[in-house]
Amino acid sequence: MGTEVVVEGLTKSFGGQNIWQDVTLTLPAGEVSVMLGPSGTGKTVFLKSLVGLLKPERGRVLVDGVDMINSPERDIYAVRRLFGLMFQDGALFGSMSLYDNIAFPLREHTRKKEGEIRRIVLERMEMVGLLGAESRLPGEISGGMRKRAGLARALVLDPQIILIDEPDSGLDPVRTAFISQLLIDLNAQIDATMLIVTHNLDIASTVPDNMGMLYRRNLVTFGPREVLLTSDEPVVAQFLSGRREGPIGMSEEKDAATLAQERHVAPAPAPRVLAPQLQPSPGLPERAAVERRRARVLAMLADLPEPARAAILQGQGENWGHGQGHGQGAGQDHDRGRGEDAGQDHDRGHGEREGQDQSRSRRHAPAGGGGAL
Ligand SMILES: Nc1ncnc2c1ncn2[C@@H]1O[C@H](COP(=O)(O)OP(=O)(O)OP(=O)(O)O)[C@@H](O)[C@H]1O
Ligand SMILES: [Mg+2]
């Protein structure tokens, strides 16, 4: 099963420029999370900080009991091997075949023999639908294939945590839909904790279990997907509706005069009925994270804002909402600030969740296979 990632009070600056401050969230084990945010808000910097490649000046990132920011380099190095990283630009070596690119981490970080390496590389290439393209160079294939090759390379060391930076950039809507399905299928097969950075609203609304958003040097919110997707918070609503009117401008923040001019434009209402989350392709196991998330979200349900609670109950149909006692909370507690609620609730559910996770860890889907991809 994937490993939980706990981020506490993380603050990062370059020189005098603060990128974000006091970011606190937990990526639940084996669940898929998405981080949204306008360009330049530090999403890539955040991913790099989680693996210890960049050093925030304050805060902690706890993975398997190791603080990825402040621990000795050798401890960080050992835990880094739990991670698979897919960079924004694919970051493939241009002069190497896809096969050699994908084999690279195995040759670099393990003592595996070439026969074993071959088995793993071909298995991962099959998972992402690249079998047959082993000898192609990155410059000879489409952007979508490069993305998938980057994903295959991120998978060869059997990662428990997969960080993916903009899987959709440069892809057409159909390829983006395929990659969305691929991410869900991967999660079903290897039960890894996943964090996806994206601007793509289709991915954001159909793939993750949890969502967060970085804006103006802060984490606006992080929690179950339904919280952000039904949020009326102006910056969230503007981002999710892709409108020009709202607090986000071309250079991230609009000035007061522009905002005043826009006041007559009614904000887009947040949706109350959400698109269903993608399911694994036929023939694949169910995602083991679904059961864990169900228990986790039920435990926090009474504290969520009303629209999020309604969307959760509606979306999950008959399986949810009966006999669990959570209905008692309906109508209470939703007059607090939503962004804060989500973060706090998330942390509060944490202790309980660990016990639940252990009792449910029986379903560990094996990595590999995946002919349906
Ligand atoms: N190594 C670095 N040194 C100095 N500044 C940096 C460094 N890396 C990133 N930055 C700055 O940090 C800010 C956030 O960059 P980042 O790449 O994380 O944004 P992003 O949210 O990923 O944007 P996009 O959506 O366009 O990919 C930018 O202002 C960038 O110039
Ligand atoms: Mg980026």
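**Close-up views of the predicted model**

**View 1. The loop that carries S169.** S169 lies in the loop between β7 (161-165) and α6, where helices (H or I, at least four residues) and strands (E, at least two) are DSSP runs numbered from the N terminus. This is a predicted model, in which local features need pLDDT of at least 70 and side-chain atom pairs count only at pLDDT 80 or more, whereas totals for chains, interfaces and linings use all residues. Residues are numbered from 1 along each chain as its sequence is written, and chains are lettered from A and ligands numbered from 1 in the order in which they are written. With 16 other C-beta atoms within 10 Å, S169 is partly exposed; a residue is buried if 20 or more other C-beta atoms, placed from the backbone, lie within 10 Å of its own, exposed if 12 or fewer, and partly exposed in between. The C-alpha atoms of S169 and Q88 are separated by 7.9 Å, although these residues are 81 residues apart along the chain.

**View 2. The surroundings of ligand 1.** The shell around ligand 1 consists of F14, I19, G37, S39, G40, T41, G42, K43, T44, V45 and Q88, a residue being near a molecule if its C-beta atom, placed from the backbone, lies within 6 Å of it. Helix α1 (residues 43-50) gives the most to this shell, with three residues. By class, the shell divides into three nonpolar, seven polar and one charged residue, where Ala, Val, Leu, Ile, Met, Phe, Trp, Tyr, Cys and Pro count as nonpolar, Asp, Glu, Lys and Arg as charged, and the others, Gly among them, as polar.

View 3. Leaving aside residues up to four places away in sequence, L183 touches V32, P167, M194, I196 and V207, a contact requiring that the two C-beta atoms, placed from the backbone, lie within 7 Å.

**View 4. Loops on either side of β8.** D191 is found in the loop between α6 and β8 (193-197) and is buried, with 25 other C-beta atoms within 10 Å. This aspartate, D191, has a positive phi of about 55° although it is not a glycine; most residues other than glycine have a negative phi. N200 is found in the loop between β8 and α7 (201-206) and likewise counts as buried, with 21 C-beta neighbours inside 10 Å. Residues up to four places away in sequence not being counted, N200 touches D168 and T176, while its C-alpha atom is separated by 8.6 Å from that of L36, 164 residues apart along the chain.

**View 5. Helix α11 and its buried residues.** The twelve residues of helix α11 (residues 289-300) should span 16 Å at 1.5 Å a residue, and the end C-alpha atoms are 17 Å apart, which agrees; the expected span is 1.5 Å times one less than the number of residues. Its buried residues are A289, R292, R293, R296, V297 and M300. Seen down the axis of α11, these buried residues fall within an arc of 125°, so they line one face of the helix, the arc being that of the directions from the helix axis to the C-beta atoms.
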